[in-house]
Each structure stands twice: as C-alpha cells, then as structure tokens.
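Q: I am new to this structure and would like a close look at a single part of it. Please keep the account plain.

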Amino acid sequence: MNAIELQGIHVALDGKQVLHNIELTIKQGDFMTFLGPSGCGKTTLLRTIAGLQKADAGTITISGREVANGETQFHMEPSKRRLSLVFQSYALWPHMTVYENVAFGLQVRKLAKAVVREKVEAALGKMRIAELAGRYPSELSGGQQQRVAIARAIVTEPDILLLDEPLSNLDAKLRVEMRAELKRLHQELNTTVIYVTHDQHEAMTLSTKVAVFFGGQIVQLDKPRELYKRPNTLQVAEFIGSAGMQMNRLEGVVRTDEEGLSWLETPVVLIPLGGDGSTMQDGQEVVLTVRPEDIRLYEERRPGSIAMSVSAVFPSGAETLVQLDTAGMSLMARVIGESEYEPGTTLYAVLRQEQMNAYDKKTGIRMELQYVTHNNEPGESTHEDRLSYSR
Ligand SMILES: Nc1ncnc2c1ncn2[C@@H]1O[C@H](COP(=O)(O)OP(=O)(O)O)[C@@H](O)[C@H]1O
Ligand SMILES: [Mg+2]
C-alpha cells in the first residue's frame, strides 16, 4: 500500500498561490525528501499533509484512508492522521523534564503508566538519550533537544514521521552526526519519513526519493543518484550543483553542415553529434554541464582533449580538485589521490561525454544528445578527425 497519495493539491495563502497542482505518491517505508530553496512551498505542503493547513483543491490519502478532499471540503483533524511532525524549532515544553515531554503524547491517550514508561524508555533508548530523562530542556544542548523532539515524535509509533528542517539549527559537526542517526532510525523503525530541507547534501545522503521544488511545484522526482546524474532542467542542475558539489558549465552552439553532420561547438572543444539531427537546429544554443569527477586529465594530448593550464590545486584528503583555465574558460576537475601539479602546467582534459548533460539554453530543459564516440579504426573516423583534431 502507498503511505501517502497527493492528487491535484492547490494551496493559496493570503490570496497568493503557494502550491500548484502537487501530484505525489510516497511508498510505505520511503524516506522522501522535499528539497528546494527557501520559500518554494515545502513547509506548506508538509503542513497540508499533517492537516495544519487546508488544501483549496485536491485529495490526500494516508495509508489508504482519505484524510482531505478539497472538493467535498473534508478535512480530518491532525491528531487522527497517525503522523508526527517535528519542527525546526524543537518546541519542547520548558517546564517539563525530558521524560515528561516524551510521555505527554501517550498520557493524553490515557495509556497505563507501565505502558507509558516502557514506550518512553524505548524511544529515549532509540535516540540514545536515556540518561537525560530527568533533565529540563534548558539543561540540554541543541543537539540533545533535537533528539528529545524526535523521541517525542516517534514514541506514539506514527505511520508517518514528518521532519521540517530538523537539523538546520545545529552546528556542522552535529548535523553530520544527526544525519547518521536519522538514517539509522529510519532503517530501525521502517517508518515512512517525509523530510524537508534546502540542503542538497542532506537530501542526497538520507533519502530513498527526492522531490525537488521550485515555486510551489515539484519539478523533479527521482532517486538521489539519478537526480545527481540527470537533473531534468538547468535550474535543478544548478541548484544541485551549488553548495560544494561543483558543476562545470560550458556553453555551446549546435552546428550542422550540408552533409548532414552535426556537432556542438564550444569555445574549447568541438563535440561530434550523432542521431538524425531532427531534434537539433543549426544555431541552437546549448548549455553543457559536467561534474569535476567526470573530467579526466592527461599529460599528453588525446583525441578530443582540451589543452588547459593548471591555475590552482586544492588538495582535499582522498582527492584533489584541480582548476584549469583556457581561453577565458575555467573548469574544475576532481582527481583521486594526491596530485601535485604546479600552476602553469599544461594538461589535457577529456570530458566523459556519457556523463555530461546538455540543456537547451532558452527553455532550460534537458536534451537527449547523441554524442559520437571515438572510433579507433583508422580511416573510419572522418567526422571525428575533422572535429576533434581541428584545434
Ligand atoms: N501564513 C502565510 N501567509 C502568507 N504567505 C505565506 C504564509 N506562510 C508562507 N507563506 C508564503 O508561502 C510561500 C511558501 O512558504 P513555505 O512553505 O514556508 O516555503 P519553504 O518551506 O519552502 O521555505 C512563501 O512565498 C511564503 O512567503
Ligand atoms: Mg520551510
């Protein structure tokens, strides 16, 4: 059974359309992340699923039960939806101990004292904070408070756990630690999780699926690896490529000749294209993206390589980032291990074409370009010879 189904969800706040026609299915046990820049509607959708916000149109089904229907104005109250929500601000009750904070949701259900104790202890144990039971929130660090907030959310054994930027108030080290804890917790509980973040790293490391939001719409829904490798639009590519996951961008123009051959002309390399050319137009502007790990560096010239000059070397542990320049263009390449290239050294860069993405510059939509792979049989590679060796 699907954990959640959203159909045609529209939400307006203060007369402004905030969510547009959201369609989304989340499977039982998924770790679904809503990823997008601030203000794109992630929290609003989470609140709509939780029942804290009414949808103007559309239906929401949780574990097979309809919980909201815009047309019939049906709106099940939040407490009956069998889900728990953890906010960015931990919202712990300051006058209650950790134990009391976590127990509260069970006590209002009038469970027996012994049952409450057992469940609270289990939840504190899962969050590894059993020893903090008697403390007050003011006696806890930010990370500990966040653990209490999550313990409080899981103690009621919800079908779905909703987490809204739960790590954004923590410092970098704690964030990484809590990320690992959340991953472990998800595996242990096997609960469906919806996780909201604007942090690409969190989305990539935690999720089974990522929904990317822009302007109140889901623009891509994919597994993290697919999202990383094949962003659907230039906007998504650039968003995923920011924040330390560098993305090289190369502008080019499609050229076709009277013999029906076509190629992509960039300031630094000509890339022969295959296919019948029917999807491409002469003069069409294209943006290519290539990740640093998909650039190979050689000390000698290769077919299709670009001669570049090393401008800076950034050692970073197990890998080295090498910045290269040519003709007013700069590329970042990632090489495994230590590389001690002197600035000014000439290297030959080969872009792994099968890992590149091409986007129509006007629409920003990804294009399926067929690159001609290098053919080593002499005499058969006229197209390639003409292009690759022309510079
Ligand atoms: N209570 C509100 N009244 C009016 N507009 C709101 C309200 N809450 C959020 N918004 C607007 O809705 C949009 C989406 O907000 P939100 O869902 O909080 O985005 P995110 O969580 O992705 O940062 C933003 O443009 C925000 O200004
Ligand atoms: Mg938000």
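At roughly what angle do the axes of helix 2 and helix 3 cross, and within what distance do they come?

A: The model is a predicted one. In it, helix 3 covers residues 113–126, and its axis comes within 10 Å of the axis of helix 2, with a crossing at roughly 130 degrees. Helix 2 and helix 3 are therefore oblique to each other, since an angle has to be over 145 degrees to count as roughly antiparallel, and 65 to 115 degrees to count as roughly perpendicular. The crossing of these two helices, helix 2 and helix 3, is right-handed.

On the side of helix 2, the residues that make this contact are Y99, V102, A103, L106 and Q107. Helix 3 contributes V116, K119, V120, A123 and L124. Sorted by class, the contact of helix 2 with helix 3 has eight nonpolar residues, one polar and one charged.

Helix 2, residues 98–107, also packs with helix 4, which covers residues 142–154. Here the angle is about 25 degrees, and the axes are 8 Å apart. That makes helix 2 roughly parallel to helix 4, because the limit for this term is an angle under 35 degrees. The crossing of helix 2 and helix 4 is right-handed.

In this contact, helix 2 takes part through V98, N101, V102 and G105, and helix 4 through V148, A151 and R152. The residues of the contact of helix 2 with helix 4 divide into four nonpolar, two polar and one charged. V102 of helix 2 is listed in the contact with helix 3 and in the contact with helix 4.

Contact between the domains involves four residues of domain 1 and five residues of domain 2. On the side of domain 1 that touches domain 2, one residue is nonpolar, two are polar and one is charged.

Around ligand 1 lie L13, D14, K16, V18, G36, S38, G39, C40, G41, K42, T43 and T44. Strand 2 (16–27) and helix 1 (42–50) are the elements that give two or more residues to this shell. Helix 1 provides the largest share of the shell around ligand 1, three residues. By class, the shell around ligand 1 has three nonpolar, six polar and three charged residues.

Key: Residues are numbered from 1 along each chain as its sequence is written. Chains are lettered from A and ligands numbered from 1 in the order in which they are written. This is a predicted model: local features need pLDDT of at least 70, side-chain atom pairs count only at pLDDT 80 or more; totals for chains, interfaces and linings use all residues. Axes are lines fitted to C-alpha atoms, for helices over the stretch in contact, and angles run from 0 to 180 degrees between N-to-C directions. Helices (H or I, at least four residues) and strands (E, at least two) are DSSP runs, numbered from the N terminus. A crossing is left-handed if the near helix is turned anticlockwise from the far one by less than a right angle, and right-handed if clockwise. Two residues are in contact if their C-beta atoms, placed from the backbone, lie within 7 Å. Ala, Val, Leu, Ile, Met, Phe, Trp, Tyr, Cys and Pro count as nonpolar, Asp, Glu, Lys and Arg as charged, and the others, Gly among them, as polar. A residue is near a molecule or strand if its C-beta atom, placed from the backbone, lies within 6 Å of it.
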